[in-house]
Amino acid sequence: MTDSHHSFTRDEIVPVIIVSLISALRLLGIFLMLPIFSAYAVRYPGASTALAGVAFGIYALTQCVFQIPFGWASDRWGRKPILVIGLALFCVGSVGCAWADDIYSLILARALQGSGAVGSVAFAALADLTRPNVRTQAYTITGIAIGTSFMIGLLAGPFLAAHIGLSGLFYLLALLGFLSMVLAATSFPTQQRKSEAQSPIALGPILGREQLRPIFVATFILSFALNLFFFTYPLSWTAIGLEKVDLWKVYLIIFLPSVLIVFPYMRRAEKLGRFHMPLHIGWLTATVGYAVYLFGAQNDLLLYVSGAAFLFGYSVYQPLLPAFLSQRVPTSGRGTASGIYNSFSFIGSALGGMLGGALIHISPSFPEYLGVAILVTWFFLGLPVPPESSS
């Protein structure tokens, strides 16, 4: 098998870059919020830690509700128009968040912001426009773009919030969403829909596919653990004396291993056609990272180790899961399948964020106990199986 067999053609690399840019721009705004939201939301009139958790998690909850309808609509009417509509909703909701003057109006505006659920549309488009033998690399490139925006958000979020406040960050989200919308409207690849194309696959048959269930479970658990982790992680740093404005230094350090290692590792795994080892290494490092956090939340060195290990394990899974999903679902069902996939992801995100705010009242370490428990339970439920192993 030649190396070119696992390299992008010109017709593939351009769509991959465009989809990656749109995804990264839209998500940059969300990642700017991730490291500082809980610390600032508790200051709103009427706020408590639990209500701040609701405001944090309700974005993911509404994303979950709308992922499947948006994905199904993109199967029926095309990816591009649905993507533009979703980005417009995100922009309007972001402006509403900037105008919020108490915790309850912030919660409502976050819900509107989350209704622009276009993640499934972008995922499906990426699968439409690439061959199966380079698809993991395509999702890895998109993952790197998203990861870069993730790192920029983690680094810049604390700095920007200290200077322009949370409302200023929400205005920036609206601007980034608008730029994504313009890019989608002008440059997003349009799939040629044949007159004999199949009708979209219904929800039931996709949910009924047994080989897809471990993928849905995996994205739920990883998203749950990520949001649970990042609701409590910045609070652990501020509890030991780190200023909020200095959180960017922490995120720069803990994200570097993922930036430097994940793409070459995934490319090698795809060339060899061997994904079992990455699946197990990703699970192990994420679990070990959370376990270190459980026992080392009061120690700065252990906090660095836990953050780097957890993010590395999480980053390994991000390109694998959508690639596995797309190889098991035909084009006519990819939007719906991606919608289900993203719905499970956002259910996990919503629960992780909300429980992070609620459970910390029981015990400062209770969220970490829960994170370790759900990751260990996942292993016994069964990690995803690569498509080639199912034949």
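Visitor: What pattern does the protein follow when read along the sequence?

Guide: Read that way, the pattern is α-α-α-α-α-α-α-α-α-α-α-α-α-α. This is a predicted model, and the protein has 14 helices and zero strands.

Visitor: How do you know that the length of helix α4 agrees with its number of residues?

Guide: Helix α4 covers residues 79-99, which is 21 residues, and at 1.5 Å a residue they should span 30 Å. The C-alpha atoms at its ends are 31 Å apart, so the two values agree.

Visitor: Why is Cys91 called buried?

Guide: Buried means under 20% relative accessible area. Cys91 has 10%, so it counts as buried. Cys97, with 0%, is buried too. Both are among the buried residues of α4, which also include Ile82, Leu87 and Phe90.

Visitor: Let's turn to the rings. What makes Phe230 and Tyr233 an edge-to-face pair?

Guide: Two values decide it, because a pair of aromatic rings is described by the distance of the centres and the angle of the planes. Here the centres are 6.1 Å apart, and pairing needs them within 6.5 Å. The planes stand at 75°, and over 60 degrees counts as edge-to-face. Therefore the pair is edge-to-face. A search of the whole structure finds 23 aromatic pairs.

Visitor: Where do Phe230 and Tyr233 lie?

Guide: Both are in helix α9 (residues 213-239), three residues apart, or about one turn of the helix. Phe230 and Tyr233 are both buried. They also belong to one aromatic cluster, whose members include Trp237, Tyr251, Tyr290 and Phe310.

Visitor: Which residues does Tyr233 touch beyond those up to four places away in sequence?

Guide: Among them are Val250, Tyr251, Ile254, Tyr293 and Tyr304. Tyr233 is also one of the residues with the most contacts inside the largest nonpolar core, which has 115 residues. Phe37 and Phe230 are listed there as well.

Visitor: How do you know that the charged end of Arg110 sits over the ring of Phe37?

Guide: The charged end of Arg110 is 4.8 Å from the ring centre of Phe37, and the distance limit is within 6 Å. The direction must also be within 35 degrees of the ring normal. Arg43 likewise has its charged end over a ring, that of Tyr40, 4.9 Å from the centre.

Terms used. Residues are numbered from 1 along each chain as its sequence is written. This is a predicted model: local features need pLDDT of at least 70, side-chain atom pairs count only at pLDDT 80 or more; totals for chains, interfaces and linings use all residues. Side-chain values use heavy atoms; hydrogens and water are left out. Rings of Phe, Tyr and Trp (its six-membered ring) pair if their centres lie within 6.5 Å; planes under 30 degrees apart count as stacked, over 60 as edge-to-face and the rest as tilted. Helices (H or I, at least four residues) and strands (E, at least two) are DSSP runs, numbered from the N terminus. Buried means under 20% relative accessible area, exposed over 50%, partly exposed in between (1.4 Å probe, protein chains only). A nonpolar core is a set of buried Ala, Val, Leu, Ile, Met, Phe, Trp, Tyr and Cys residues joined through side-chain atoms within 4.5 Å. Contact means heavy atoms within 4.5 Å. The expected span of a helix is 1.5 Å times one less than its number of residues.
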